[in-house]
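Here is a short report on one protein chain. Look at the model first, then read on.

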Amino acid sequence: MQIRRVSFDHPDAVKLNDQVQAEYAVRYGDDGDATVMAAADFAPPNGVYLIAYDEDGTPVASGGWRAQDANDEGNLDGDAEVKRMYVIEQMRGRGLARRILAALEEDAREAGRIRMVLETGLKQPEAIALYTSSGYEPCAKFGYYRHYESSRCFAKRLRPAD
């Protein structure tokens with residue numbers, strides 16, 4: 001497995017994003033995640049987007065982080081927001097999401113971010129299990145879905161408190 005940095009608008013990123021959006025649509029009965037995002041959100045040093053490729057060069061997993069600071073959606077200064085964590089169905093259960101998450105955390109830490117945050121939903125129990133088993137704890141709701149009852153937000157400190 002090889003993990004590569006790509007732009008959020010890279011063709012493989014677009015392909016995996018379309019797949020995760022389709023999965024969200026099935027799980028939640030809507031059109032997928034409506035959070036506004038742009039390729040520039042994931043451009044270093046203010047973010048990164050990663051794709052895991054199998055030995056044949058097929059994209060099989062993705063995830064990114066983007067810098068967020070205090071805003072009217074509930075973020076705090078120094079936040080690194082995880083977005084579009086996804087593993088194709090036939091590759092699940094092999095630790096790929098955990099590897100991408102660890103790489104995202106390391107990259108955000110090196111970029112000077114203070115905490116990693118993410119929003120997920122009750123219809124994604126495997127995501128909640130991944131994050132809680134990786135040291136994430138429930139936090140105040142933030143982001144586009146902060147007013148939705150099914151939304152769950154989590155955070156993990158990347159650096160010790162000052």
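Is R66 buried or exposed? R66 is buried, because its relative accessible area is 8% and the cut-off for buried is under 20%. The model is predicted, and the values below are computed from it.

## R66 and its surroundings

R66 sits in strand β3, which runs over residues 59-68. Its contacts beyond four places in sequence make a list in several stretches. One stretch holds T35, V36 and M37. D41, F42, N46 and G47 are also in contact with R66. Further along the sequence come D79, A80, E81 and K83.

L76 gives a distance for comparison. It is 10 residues from R66 along the chain, and the two C-alpha atoms are separated by 13 Å.

## Overall fold

The chain has three helices and seven strands. In sequence order the pattern reads β-α-β-β-β-α-β-α-β-β. A UniProt annotation from an unreviewed entry, "domain: N-acetyltransferase", covers residues 1-159. That span is 26% helix and 30% strand. Its end C-alpha atoms lie 28 Å apart.

How does the radius of gyration of the chain agree with that of a compact globule, and what is its value? A compact globule of 162 residues would have a radius near 15 Å, and the chain has 15 Å, so the two agree. Along the principal axes, the C-alpha atoms fill a box of roughly 45 × 35 × 30 Å.

Take the contacts with a separation of 6 or more: 64% of them join residues 24 or more positions apart.

## Burial, surface and charge

Buried residues make up 45% of the 162 residues in the chain. The accessible surface comes to about 8,300 Å². Carbon and sulfur atoms account for 50% of that surface.

The chain carries 21 positive and 27 negative side chains. The centres of these two sets lie 4 Å apart.

## Helix α1: V20 and D18

V20 and D18 both belong to helix α1. V20 counts as buried, because its relative accessibility is 3%, against a cut-off of under 20%. D18 has a relative accessible area of 48%, so D18 is partly exposed; exposed would need over 50%.

Which residues does V20 touch, leaving aside neighbours within four places in sequence? They are R84, M85 and Y86. V20 and Y86 are 66 residues apart along the chain, yet their C-alpha atoms are separated by 6.3 Å.

R84, one of the contacts of V20, is found in strand β4, residues 79-87. Its backbone deserves a check. Phi of R84 is near 55 degrees, a positive value in a residue other than glycine. R84 is buried, because its relative accessible area is 5% and under 20% counts as buried.

## Strand β5: L118

L118 lies in strand β5, residues 115-121. Buried or exposed? L118 counts as buried, because its relative accessibility is 1%.

The contacts of L118 outside its four-place neighbourhood include V82, Y131, Y136 and F142. R152, C153 and F154 are on the list too. G29 is another reference point: L118 and G29 are 89 residues apart in sequence and 21 Å apart in space, C-alpha to C-alpha.

## A cis peptide bond

Where is the cis peptide bond from P44, and what is its omega? The bond runs from P44 to P45, with omega near 5 degrees. P45 is found in the loop between α1 (11-28) and β2 (47-53).

Note on methods. Residues are numbered from 1 along each chain as its sequence is written. This is a predicted model: local features need pLDDT of at least 70, side-chain atom pairs count only at pLDDT 80 or more; totals for chains, interfaces and linings use all residues. Side-chain values use heavy atoms; hydrogens and water are left out. Helices (H or I, at least four residues) and strands (E, at least two) are DSSP runs, numbered from the N terminus. Buried means under 20% relative accessible area, exposed over 50%, partly exposed in between (1.4 Å probe, protein chains only). UniProt positions are given in the numbering used here, feature names are shortened, and annotations may be inferred rather than shown by experiment. The radius of gyration is taken over C-alpha atoms; the globule rule is 2.2 Å times the number of residues to the power 0.38. Contact means heavy atoms within 4.5 Å. Accessible areas come from the Shrake-Rupley method with a 1.4 Å probe; for residues, only the protein chains shown count as cover. Lys and Arg count as positive and Asp and Glu as negative; His and the chain ends are not counted. The place of a charge is taken as NZ of Lys, CZ of Arg, CG of Asp or CD of Glu.
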